[in-house]
Amino acid sequence: MSSTARALLAVLLATASLASAKDTVRIAFIGPLTGGVSANGLGGRNSAELAVKLRNADAKAKYSYELMALDDECKPNVGVQVATKAAADKNVIAAVAHYCSTVAMGTVDVYHRFGLPVVIWGAVLPDITYANDFKEIHRVNGTMINQNETAAKFMVAQKYKRWAIIHDTTDYGKGHNRYFSEYLQKNGGQILGTFGVTADQQDFSAELTRIKELKPEVIYFGGITPLGVRIRSQMDKFGVKAVFQGTSGIISDAFVEGLGPLAEGVVAFREGAPAEKLPGGKYFIEQYAKAAYSDPPEAYGPFAFAAANLVMDAVEKVGPDRKKVRNELNRTHDYDSVVGKISFDDHRQNAVPLITKFVVQGGKWLVWEDSEYASGKRPLVR
Amino acid sequence: MDPALFAQHLLNGVMLGVIYALVAVGFTLFFGVLDVIKFSHGDVVMLGAFTALATSIAASAAGLSSPVILAAMLLAAIVGMALVGMLMARYLVLPLRNAPTLNVLLVTLMAGTVIREGVRLFYPQGSNPKPFPRLLPTGAFEFGAFTLRHDSIVLLVLGVGAIVFVHLLIVRTRLGLAIRAVAQDPETAAAMGIPFRGTVLATFAIGSALAALAGVVNGLYYSEVSFNMGLLLGAIGFSAAVIGGLGNVYGAILGGFVFAALQTIGAVALPFASAYKDVFAFGVVILLMAWKPGGLLAERSAERV
């Protein structure tokens, strides 16, 4: 196509879209766009934005959509502010919100009070959906209960017996510690010591020196990427030789990039199958690559993409009305998405039965079964 | 406790103390000459570390050897941060000299946020933690539970050397004399022909160069830097300077080691979770302030800076 023809086509398309001027529906996206975990927030934002762009390019869509991205900085106080901002804006019909559990815990009340339907795309603390019965709150990703059960069983099956636990003292880290400890003891693992640390701690020399004396085979870490990088890196410095076992919170490209070769052999667990293993996942990855974002989608990008689509499908069906959209979302059952089928239980929690095991091999997070660790070619630390 | 283990904790504490002291000395120098608190200091530490990181990437791409890369990193970070410090003093702090000190505090706090978010936005993938190159020898001496890493020795020598250097600079040189004179009485010093502005700029350059060194030492010690590492480090450096007695260089050094000791005790010797070690350390700082409001080595005007 010549450039004049292309320009002409663009003009035609523009007039066409003007002619059929659709109503614009505003959706909020909330996540950590700045701060230590912003890699995940930006990945989620881009993914949600991609879903909106693809929808707007679809001639069959009844409405045109606008994404209002807000930054919760992974801080509860900021989260409540931006959640209130979104919820108080009458033009916002629904929100795709939160990577950080601590923030979501603070904002669910706000959404409930303002009657804003929300789909959580990344936060994993069970209490977000289960502690209250707020009809506005839905979640497409799974909770940390399932991932820790699988984690404990799997690691015990690898014949490890002795653990030291380091967790951050946010609701998120404490939750991981609680569920993992519970399942580990049930499965016969032994916990030599548990260390709660603050989420912005820099130096772990004291904790790791104590852990070195305890001689654990595995260090379980309940927390997110920046702290995970720090602890794994300092384990090496202080000569602690053990497997580093993380949670879904460290499954990010940023973790591998931040550690380089030290990331090798780190294991972690996440609910849901990896995007590339799902029928729609390939489509997502292709579209994301095509959109040429400067940041990767990270682990929870597909969930944000699915959440945005879920919300837009509900709007398409019942129109831009918060109550109707909420009721429509409540009814979600066997909904096809890039992260698999979505069905909400009585607390609007998506049941994600599948937990995927990951290991870092050669600078990449690989599904355990596909790795050389599973085939025995590479051994984990003993 | 096993003596080897005790020695290990002691060494860990000393390493921390050196980093804190390097940061704290900057706070105390700035307060000494201008009676201001420069809250962007922690972020200058971070900027120094990132300058060194970027230099090392460029230098290793140019195929230089480890010692040369290390020297280039240190040089770039120290010179760069000295310049940043001078620019801040010239355009942010000095113009506000006659305004309430609260304004300086606020302006530098904002400047720190600009630096921090600037690195996050403009350094490639700046919001992620970055691996810092391992350029120091990796071996270690092992004595039972006590491990003395070769790189720790180098960093210790580097940190202590810098502190001794600044000490000598202040007590033995004409510049040091000028700094001490301005700290004591700017008007009289100016009347004696000591250039006020030049002395202030030099002080900010020295303090910021120390911050750069702290950033590099921090990066080499932990092998990892992140854009928000300066936040807590700044708060700790400031507390250390205050415990020691703001305005007194020896106080800042002492304060740095005291704070590191408190954190180590909080994590190791006390019966509660190590998450409370900062609560414990900062709590003791509050008690120390109540006991000695002027700091452990309270500033006597003759000894200022």
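This is a predicted model: local features need pLDDT of at least 70, side-chain atom pairs count only at pLDDT 80 or more; totals for chains, interfaces and linings use all residues.
**Entry 1: the domains of chain A**

I started with how chain A is divided. Domain 1 covers 21-142 + 275-351, and domain 2 covers 145-271 + 356-370. I looked up the distance between their centres. Taken over C-alpha atoms, the centres of domain 1 and domain 2 of chain A are 28 Å apart.

Next I checked where the two domains touch. Domain 1 of chain A puts 15 residues into the contact, and domain 2 of chain A puts in 17 residues. On the domain 1 side, α2 (38-57) and α4 (101-114) of chain A are the elements that give two or more residues. α4(A) has the largest share of that side, 3 residues. I sorted the domain 1 side by residue type and got 8 nonpolar, 6 polar and 1 charged.

**Entry 2: a sheet in chain A**

I then traced a sheet in chain A. It is open, has 5 strands in the order β2-β1-β3-β4-β5, and its pairing is parallel. Which strands stand at the edges? They are β2 (64-71) and β5 (137-139) of chain A. Each has a single partner strand, so one side of each is left without a neighbour in the sheet. Neighbouring strands are turned by 25° against each other on average, direction ignored.

I also noted a helix on this sheet. Helix α3 (residues 76-88) of chain A packs there and touches β1 (24-31), β2 and β3 of chain A. The direction of α3 makes about 155° with that of β2(A).

Inside the sheet, I followed one strand pair. β3 (residues 92-97) and β4 (residues 118-120) of chain A run parallel and are joined by 3 bridges. A:Ala95 has A:Val118 in β4(A) as its bridge partner.

I stayed with A:Ala95 and listed its contacts. Leaving out residues up to four places away in sequence, A:Ala95 touches A:Ile27, A:Ala28, A:Ile30, A:Ala86, A:Leu116 and A:Val118.

The largest nonpolar core has 117 residues. A:Ala95 is among the members that touch the most others, along with A:Ile27, A:Val96, A:Ala307, A:Ala308 and A:Val311. Which helix gives the most to this core? Helix α12 (residues 301-318) of chain A does, with 11 residues. Domain 1 and domain 2 of chain A each supply at least three residues to this core. Another core lies apart from it, with 95 residues, including B:Leu136, B:Ile163, B:Leu210 and B:Leu220. As background, nonpolar side chains tend to be buried together in soluble globular proteins.

**Entry 3: A:Ala268**

I picked a residue in another strand of chain A. A:Ala268 is found in β10 (residues 267-271) of chain A. Is A:Ala268 buried or exposed? A:Ala268 has 26 C-beta neighbours inside 10 Å, so it counts as buried. The cut-off for buried is 20 or more.

I listed the contacts of A:Ala268, again leaving out residues up to four places away in sequence. They are A:Gln245, A:Gly246, A:Thr247, A:Ser248, A:Ile250, A:Ile251 and A:Phe358. I also took one distance. A:Ala268 and A:Pro320 are 52 residues apart in sequence, and C-alpha to C-alpha they are 40 Å apart in space.

**Entry 4: chain B against chain A**

Last, I looked at the contact between the chains. It takes 30 residues from chain A and 31 residues from chain B. On the chain B side, the elements that give two or more residues are α1 (3-34), α4 (101-122), β1 (130-131), α9 (229-244) and α10 (249-268) of chain B. α1(B) gives the most to that side, with 5 residues. By type, the chain B side divides into 14 nonpolar, 12 polar and 5 charged residues.

Conventions. Residues are numbered from 1 along each chain as its sequence is written. Chains are lettered from A and ligands numbered from 1 in the order in which they are written. Two residues are in contact if their C-beta atoms, placed from the backbone, lie within 7 Å. Helices (H or I, at least four residues) and strands (E, at least two) are DSSP runs, numbered from the N terminus. Ala, Val, Leu, Ile, Met, Phe, Trp, Tyr, Cys and Pro count as nonpolar, Asp, Glu, Lys and Arg as charged, and the others, Gly among them, as polar. Two strands pair if DSSP finds at least two bridges between them. Axes are lines fitted to C-alpha atoms, for helices over the stretch in contact, and angles run from 0 to 180 degrees between N-to-C directions. Domain bounds come from an automatic or database domain assignment. A nonpolar core is a set of buried Ala, Val, Leu, Ile, Met, Phe, Trp, Tyr and Cys residues joined through C-beta atoms within 7 Å. A residue is buried if 20 or more other C-beta atoms lie within 10 Å of its own, exposed if 12 or fewer, and partly exposed in between; C-beta atoms are placed from the backbone.
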